[in-house]
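Me: Could you walk me through this one? I'd like to start with a helix and then jump around a bit.

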Amino acid sequence: MQNILEVVDKKYMTQGATSGSIEFQVFFSDHASNDFNTLFSSLPPSRKYFAAGVPGSFYGRLFPRSLHLVHSSYALQWLSKVPEELLDKTSPAWNKGRISYTSSSDEVANAYAAQFQKDMKIFLNARAKEIVVGGMIVLIMPGLPDGVHRSEFPLGVLDDSLCSSLMDMENAINGVNLKCQSLLHGLINESQVDSFNLPVYAATPMEITEAEISSALESSYNKGTQLIVALKRE
Ligand SMILES: C[S@@+](CC[C@H](N)C(=O)[O-])C[C@H]1O[C@@H](n2cnc3c(N)ncnc32)[C@H](O)[C@@H]1O
């Protein structure tokens, strides 16, 4: 945060402002259940900005129109919810025996992709109402290059290795190769495992562009807004 503010300060100095003449206010936002006290006590005492916390989901309005710079780091991979089809046993997108989409069927992956589009559009529309003309949005999130199969997202490796570790454990105990979810027998039941899915998605550049095009950031009022998205392949 300090780095960003130093760059903005330097930019204003090139336009004739004296150092420190611009005052900054930084709002840190997270779910209301976030431990804001720990956040505030970890801020550097010598910081050159006023700090405040704003509770709430970023999939909704959080601010009046007042923001010059919006920055989100490693948070937008979290969907607002698990796509509903995944929990419907009659749906082809029912995600039995898996906790993610990365090694699941195309129907499951499509349901995640559709949820990401809905969520990203809601996020961008909310920010479009909060950012001033000429403002900037900088987003960093895990992602995948266009054309790379979803199974290469590291979360998929986690999903697969969790299942295979459990399978190995069960094999060692019983000498029987059972499905990973049955390994949790006694702790949680199979239907609880089937109903658990991680609401995490790694988007591609094309998917980001699609969400941007369908969002209000494209409206004439927001034409001056710059959106910069860095998708990091873990
Ligand atoms: C991996 S942490 C990243 C934290 C920090 N931005 C960083 O770069 O270190 C993801 C954060 O996003 C928050 N988060 C996830 N979904 C959210 C939502 N819908 N609205 C607000 N915050 C959310 C989580 O509570 C968590 O604090």
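Reply: In helix α6 (residues 205–213), Glu207, Ile208 and Ala211 are buried, where buried means under 20% relative accessible area, exposed over 50% and partly exposed in between, with a 1.4 Å probe and protein chains only. Helices (H or I, at least four residues) and strands (E, at least two) are DSSP runs, numbered from the N terminus.

Me: How do the buried residues of α6 fall, seen down the axis?

Reply: They lie within an arc of 100°, so they line one face of the helix; the arc is that of the directions from the helix axis to the C-beta atoms. On the other side of α6, Met206 and Ile213 are exposed.

Me: And what do the buried ones pack against?

Reply: They pack against α3 (106–130), β4 and β5 (226–232), with contact meaning heavy atoms within 4.5 Å.

Me: Switching topic, is Leu144 buried or exposed?

Reply: Leu144 counts as buried because its relative accessibility is 4%, and its place is in the loop between β4 (131–142) and α4 (154–174). Its C-alpha atom is separated by 6.1 Å from that of Ala202, 58 residues apart along the chain.

Me: What about confidence?

Reply: This is a predicted model, in which local features need pLDDT of at least 70, side-chain atom pairs count only at pLDDT 80 or more, and totals for chains, interfaces and linings use all residues. Residues are numbered from 1 along each chain as its sequence is written, and side-chain values use heavy atoms, leaving out hydrogens and water. The chain averages a pLDDT of 86, pLDDT being the predictor's confidence in each residue, from 0 to 100.
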